[in-house]
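Subject: Model for your review, with notes

Dear colleague,

Please find below the structure that I promised to pass on to you. My notes on what was found in it follow directly after it.

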Amino acid sequence: MNMIGLCQYSNNGSIEMKMNFDINSNDNSLFVTSQCNNRCLMCAQPPLNRDDIDSFWNKNIKLIDNAPNGLTNIGITGGEPTLLQEKLIHLVEYIKLRYPESLIHILTNGRAFSDIRYTMKFKEISNLLFGIPLHSDFSIDHDTITQVKGSYTETMKGLYNLASIGADIELRIVINKMNYQRLPQLSEFIWKNLPFVAYISFMGLEDTGYSIKNHNKVWIDPIDYQKELEKAVVNLAEWKLDVSIFNIPICLLKPSLYKFAKKSISDWKVCYIDACSKCSKKHECCGLFSTSKIQSPSIKPI
Ligand code: SF4
Ligand code: SF4
């Protein structure tokens, strides 16, 4: 693998927090804590052990108060948002007062929802989407990636508890060197055991944060897992599940997968290289992470 600096590498390891919401942005998210109870080997935003919930809370309340009218989508991210416990529900309710119709997309590892009493507190809240990563159908692989023994069991229990309250769930699979070989098995597992999820998102790796530190364990060029990805995606689509591919440039995908690719990378960290200006797919392509230290050398115009 060549390390080629196609886009300017802009990550300085600091916590990214928006100062304002922008009606034209594709990413209006509230960063609620840098703490997390997982330590995923490819985490783009490495968790920090610091008591920051109250300081982010105050900033986020100001962000909501000053946000423009008409936002249709608001994210809640971290770190792990459920570490706010009851405060997460209060935050969601606060957003709902300002934006009753907006979709609130909570990115969580799902472990806190293994507690049905906590899960039940979200039951009456409408327009919520829980984005939850499942790294493998094989518990040991999942726990190896999260570096927390038992996290697979808690996440799976969380998924079932959320399903029991009728929550909308997006299952997120960040493809890496440790889980790509079992993508076809994972697709069968989802179909048999998690058919209630609303969306399944296969995601390319952002080579920043812990991915740099664990490069040899997690990095794989997307071009090298196309066979497994194609099998998994085509399986799920044939079984009528709503499947998409995020964060992988179209030129790295097999043509059979083009129609599943979404323009997904947040506008504040996407970049295109010179060659992209000659590409017929640029208007549909997610582009590249400007924050990634490594890019695939196989990027070329279509
Ligand atoms: S669950 Fe998310 S925030 Fe926590 S370590 Fe894993 S990738 Fe990072
Ligand atoms: S060459 Fe085309 S498909 Fe490849 S990254 Fe650029 S715009 Fe996307």
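Lysine 240 sits in the loop that runs between helix H9 (226–238) and strand S7 (243–246), where helices (H or I, at least four residues) and strands (E, at least two) are DSSP runs numbered from the N terminus. Although lysine 240 is not a glycine, its phi is positive, at about 70°. Lysine 240 is exposed because 9 other C-beta atoms lie within 10 Å; the rule is that 20 or more other C-beta atoms within 10 Å of a residue's own make it buried, 12 or fewer make it exposed, and anything in between makes it partly exposed, with C-beta atoms placed from the backbone.

Before you read on, please note that this is a predicted model, in which local features need pLDDT of at least 70 and side-chain atom pairs count only at pLDDT 80 or more, while totals for chains, interfaces and linings use all residues. Residues are numbered from 1 along each chain as its sequence is written, and chains are lettered from A and ligands numbered from 1 in the order in which they are written.

Asparagine 127 also has a positive phi, of about 55°, although it is not a glycine. The place of asparagine 127 is the loop between helix H3 (116–120) and strand S4 (128–133), and asparagine 127 counts as partly exposed because it has 18 C-beta neighbours inside 10 Å. In helix H3 itself you will find arginine 117, which counts as exposed, with 7 C-beta neighbours inside 10 Å. The C-alpha atoms of arginine 117 and cysteine 279 are separated by 51 Å, the two residues being 162 residues apart along the chain.

Cysteine 279 brings us to ligand 2, which is surrounded by 15 residues, the closest being Pro249, Cys251, Cys276, Cys279 and Cys285; a residue is taken as near a molecule or strand if its C-beta atom, placed from the backbone, lies within 6 Å of it. By class, this shell has eleven nonpolar, one polar and three charged residues, where Ala, Val, Leu, Ile, Met, Phe, Trp, Tyr, Cys and Pro count as nonpolar, Asp, Glu, Lys and Arg as charged, and the others, Gly among them, as polar.

Cysteine 286 lies in the loop between strand S8 (270–271) and strand S9 (288–289) and counts as partly exposed, with 19 C-beta neighbours inside 10 Å. Not counting residues up to four places away in sequence, cysteine 286 touches Phe246, Asn247, Ile248, Pro249, Ala261, Lys262, Lys263, Ser264 and Ile265, a contact being two C-beta atoms, placed from the backbone, within 7 Å. For alanine 261, which is 25 residues away along the chain, the C-alpha separation from cysteine 286 is 7.9 Å.

Around ligand 1 are Cys36, Asn38, Arg39, Cys40, Cys43, Gln45, Pro47, Gly78, Gly79, Glu80 and Asn109, and by class these are four nonpolar, five polar and two charged residues. Glycine 78 and glycine 79 are joined by a cis peptide bond, with omega about 20°, and glycine 79 lies in the loop between strand S2 (73–77) and H2. Lysine 149 lies in the loop between H4 and H5 and is exposed, with 11 other C-beta atoms within 10 Å.

As for helix packing, the axes of helix H4 (residues 139–146) and helix H5 (residues 151–164) are 8 Å apart at an angle of about 105°, which means that H4 is roughly perpendicular to H5. Ser139, His142, Asp143 and Thr146 in H4 meet Ser151, Tyr152 and Thr153 in H5, and the residues of this contact divide into one nonpolar, five polar and one charged. Axes here are lines fitted to C-alpha atoms, for helices over the stretch in contact, and angles run from 0 to 180 degrees between N-to-C directions; angles under 35 degrees count as roughly parallel, over 145 as roughly antiparallel, 65 to 115 as roughly perpendicular and the rest as oblique.

With kind regards
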